[in-house]
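Thanks for passing this one along for a look. My comments follow as numbered points, and I hope they are handy when you go through the model yourself.

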Amino acid sequence: MAIRNVTDRVQLLGTIDWDRRLFDALIPLPHGTSYNAYLVKGSQKSVLIDTDDAGKEGEILNQLETLPGLDYVVANHAEQDHSGALPAVMGRFPEATLLCSEKAKSMLMDLLPLEEARIRTVKDGETLSLGDRTLEFIYTPWVHWPETMSTYLREEKILFSCDFFGSHLATADTFVKDENLVLSAAKRYYAEIMMPFRAPIVKNLERLDAFEIKMIAPSHGPIYNRPELIMDAYREWVTFPPKNQVIIPYISMHHSTLQMVKRLEYRLRAKGIKVASYDLTATDVGELAMALVDAATIIFGTPVMLGNAHPNLIYGALLASALKPKALFAGFMVSYGWGAGTADKFPDLVPGLRVEWLPTVSVRGLPREDTLESVDALAEQIVEKHRAKGLIK
Ligand code: FEO
């Protein structure tokens, strides 16, 4: 990637990973991603904020090739997609000191071959003078690891937020151009790794209210020169009640479960509820994670297989459980051949959901009219629950 100027004193370095299609070996990346590093030059000192993904060392070393010296490297976050190139950068600039939060130090030492003597921890609120520029370190824990911090460039009012506010988007645009595209990519990122940490994120957002921010420079995706775009989106995602939406992750082997899914979709739509179903044999689980940000109700559909829910449904249920969405209600629709197995225990598959469980609808064999009437009754219950919570206007 060519070095790009953000301001007279700030440059964007790192890698645009156009071809990456999976993150954390879990979430599909339809638009790739980027690993951003920022070089800040004060009148006396220079700093590199974050580095590059492990395996991309050559890219950032090329970008730094003509830099005569570097005083500091800031590691806002210890995860290797930003710290992976730290050993190479520290090797290239033996005079540089590595700055990080107190918790990050031991994590960086665990994850990477770094010299402890070259690491200096910074406290929350500590400042660092670069001459005519000043950095302030702001602890922003749990976005999404405990050691994470952001770095604020006072004179230019730029917040270097690392993962916080990031988006999985490979783009040649330095700044956000297509706001809808970036918000979608940022929601995908939030859904996968931030959603379980809503309470600390609320505190971090409140903390940032004290800062005048003209630009947010994350370590994934383009820079926000209209920070309220992403800050308002985060406020909605973490604090707003869920929406009048139902999602149905399901597996169907011989169409019995599918019939129940289609009937439930039909009944809910007829009542004005937004509903989306996700066939877990084929769905992009990133789309499912994004839907979990807003849904008030989750209904899982599965056949019984080997005495339990279908393994692919268990995978989707485990993911939903781990992401701890703000859904209020959940239920199961189950079909089986000769035995219901452990169907009455299926809610135990999703202990991370803090929901009111709705009655399970189950059927032996093909759903007939009595089963479909039970699905209709489930739909009515969902409508009533949403109405009682004020989700239906
Ligand atoms: Fe982008 Fe938590 O690393």
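1. Is Glu 265 buried or exposed? Keep in mind that this is a predicted model. Glu 265 has a relative accessible area of 7%, so the residue counts as buried. Its salt-bridge partner is Lys 262, with 3.7 Å between the closest N and O atoms. Lys 262 is partly exposed, at 44% relative accessibility. Both residues sit in helix H8 (residues 256-270), and because they are 3 residues apart there, about one helical turn separates them. As background, an α-helix has 3.6 residues a turn, so residues three or four places apart point the same way.

2. Next, the salt bridges in general. The structure holds 28 salt bridges. Side chains of opposite charge can pair when their charged atoms come close. One group forms a network of salt bridges, made up of Arg 9, Asp 132, Arg 133 and Glu 156.

3. A pair worth a click is Asp 17 with Lys 56, whose side chains meet in a salt bridge at 3.9 Å, N to O. This pair links distant parts of the chain, 39 residues apart: Asp 17 belongs to strand S2 (residues 10-17), while Lys 56 lies in the loop between strand S6 (46-49) and helix H1 (57-63). Asp 17 has a relative accessible area of 10%, so this residue is buried. Lys 56, at 26% relative accessibility, is partly exposed.

4. Asp 209 and Arg 235 make another salt bridge, with the closest N and O atoms 3.1 Å apart. Why does Asp 209 count as exposed? The reason is its relative accessibility of 52%, because exposed means over 50%. Arg 235 is partly exposed, with a relative accessible area of 28%.

5. H7 has 12 residues and spans 16 Å from its first C-alpha to its last, close to the 16 Å expected at 1.5 Å a residue. Which residues of H7 are buried? They are Leu 229, Ile 230, Met 231, Ala 233, Tyr 234, Trp 237 and Val 238. What do the buried residues of H7 pack against? Their packing partners are H5, H6 and S14.

6. Now to Thr 171, which sits in the loop between strand S13 (158-162) and helix H5 (179-194). Thr 171 counts as buried because its relative accessibility is 14%, and the cut-off for buried is under 20%. Leaving aside residues up to four places away in sequence, Thr 171 touches Arg 4, Ile 16, Trp 18 and Pro 222. A polar atom of the Thr 171 side chain lies 2.9 Å from the backbone nitrogen of Asp 173. For a sense of distance, Thr 171 and Leu 128 are 43 residues apart in sequence and 32 Å apart in space, C-alpha to C-alpha.

7. Moving on to the sheets, there is an open sheet of 7 strands with mixed pairing, in the order S1-S2-S5-S6-S7-S8-S9. The edge strands are strand S1 (4-5) and strand S9 (119-121), each pairing on one side only. S1 and S2 pair in the antiparallel sense over 2 bridges, and Asn 5 has Gln 11 in S2 as its bridge partner. Helix H4 (residues 102-111) lies across strand S7 (72-75), strand S8 (97-100) and S9, and runs at about 120° to S8.

8. Another open sheet has 5 strands in the order S10-S11-S12-S13-S14, again with mixed pairing. Here the edge strands are strand S10 (127-129) and S14, and each of them pairs on one side only. On average, neighbouring strands of this sheet are turned by 20° against each other, direction ignored. S10 pairs with strand S11 (residues 134-139) in the antiparallel sense over 3 bridges, and Thr 127 stands opposite Glu 136 in S11.

Definitions and conventions
Residues are numbered from 1 along each chain as its sequence is written. This is a predicted model: local features need pLDDT of at least 70, side-chain atom pairs count only at pLDDT 80 or more; totals for chains, interfaces and linings use all residues. Side-chain values use heavy atoms; hydrogens and water are left out. Helices (H or I, at least four residues) and strands (E, at least two) are DSSP runs, numbered from the N terminus. Buried means under 20% relative accessible area, exposed over 50%, partly exposed in between (1.4 Å probe, protein chains only). Contact means heavy atoms within 4.5 Å. A polar contact is a pair of N or O atoms within 3.5 Å; within protein, one must be able to donate a hydrogen and the other to accept it, and residues adjacent in sequence count only if both atoms are side-chain atoms. A salt bridge is a side-chain nitrogen of Lys or Arg within 4 Å of a carboxyl oxygen of Asp or Glu. The expected span of a helix is 1.5 Å times one less than its number of residues. Two strands pair if DSSP finds at least two bridges between them. Axes are lines fitted to C-alpha atoms, for helices over the stretch in contact, and angles run from 0 to 180 degrees between N-to-C directions.
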